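Thanks for coming. I will go through one structure today, starting with a question about its surface.

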Amino acid sequence: MSDVIVIGIAGGSGSGKTTITDKLVECFGDNVSVIHHDSYYKARHDLTYEERVKLNYDHPDAFDTDMMIADLKKLRNGETVDCPVYDFAIYDRTDRTFPIYPRPVIIVEGILIYESRELCDEMDIKIFVDTDADVRILRRILRDVCDRGRSLESVITQYLETVKPMHEQFVEPSKRRADFIIPEGGHNRVALQMVIERVRAHLAEK
């Protein structure tokens with residue numbers, strides 16, 4: 001599908017990537033497929049739950065990015081892919097998959113998607129969502145405690161031990177590869193409208 005446009009949406013944990021993704025899906029509906037880097041956390045069935053909890057999930061090595069790149073290339077070629085399902089409550093990939101269908105607009109979303117040059121090369125537009133660290137940690141606490149069943153203590157410990165240092169080491173520098181930096185994510189209506197118009201123009205060209 002040479003007429004496919006691939007949009008990367010990166011940024012720190014809790015920056016507002018999902019808000020922008022949801023706005024684009026809401027705007028363009030069935031023209032959009034979304035592929036999340038979080039779905040491609042490596043399977044660690046070989047470890048106990050206690051061992052899995054201690055792993056660093058904010059380092060590039062935690063992801064099977066090669067598998068994601070292969071799936072993204074299939075989508076570009078018009079093939080449906082079987083995306084893995086990751087369970088955040090047990091810190092492991094499940095045996096289930098779900099289909100992602102090839103569509104004119106493919107959104108690639110994740111905190112570390114610009115860390116891989118090969119993955120970047122598959123993207124036509126690269127957006128980085130830049131949000132204040134205090135806002136991001138508060139959003140992460142709400143998400144992990146309410147939606148993922150984590151304890152407040154575990155979320156704060158993980159943030160201080162891995163999320164913050166990995167953000168500074170890998171995520172923040174990766175924004176140099178972005179084409180657009182959007183402060184305040186989905187709340188930045190001007191920037192969001194620019195992205196929407198760019199996608200609308202692409203669909204009109206088809």
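Which element gives the most to the nonpolar patch? Keep in mind that this is a predicted model. The answer is α6, with three residues. The patch on the surface is formed by Val145, Leu152, Ile156 and Leu160, and together they have about 330 Å² of accessible area. Valine 145 sits in helix α5.

Now helix α5 itself. It covers residues 133–146, which is 14 residues, and reaches 20 Å from its first C-alpha to its last, close to the 20 Å expected. Which residues of α5 are buried? They are Arg136, Ile137, Arg140, Ile141 and Asp144. These residues lie on the same side of α5, because they cover an arc of only 135° around the axis. What covers them includes α6, residues 152–174. On the face turned away from the buried side, α5 carries the exposed residues Asp134, Leu138, Leu142 and Cys146.

Last, a single residue in a loop. Tyrosine 40 is in the loop between β2 and α2. Is tyrosine 40 buried or exposed? It counts as buried, because its relative accessibility is 0%, and buried means under 20%. Leaving aside neighbours within four places in sequence, tyrosine 40 is in contact with several residues, among them Ile35, Phe63, Met68, Cys83 and Arg93. Methionine 68 is 28 residues apart from tyrosine 40 along the chain, and their C-alpha atoms are separated by 6.6 Å.

That is the end of my part.

Conventions: Residues are numbered from 1 along each chain as its sequence is written. This is a predicted model: local features need pLDDT of at least 70, side-chain atom pairs count only at pLDDT 80 or more; totals for chains, interfaces and linings use all residues. Side-chain values use heavy atoms; hydrogens and water are left out. Helices (H or I, at least four residues) and strands (E, at least two) are DSSP runs, numbered from the N terminus. The expected span of a helix is 1.5 Å times one less than its number of residues. Buried means under 20% relative accessible area, exposed over 50%, partly exposed in between (1.4 Å probe, protein chains only). The arc is that of the directions from the helix axis to the C-beta atoms. Contact means heavy atoms within 4.5 Å. Patches are made of residues with over 30% relative accessible area and no salt bridge: like charges are joined within 9 Å, nonpolar side chains (Val, Leu, Ile, Met, Phe, Trp, Tyr) within 5 Å. Accessible areas come from the Shrake-Rupley method with a 1.4 Å probe; for residues, only the protein chains shown count as cover. A salt bridge is a side-chain nitrogen of Lys or Arg within 4 Å of a carboxyl oxygen of Asp or Glu.
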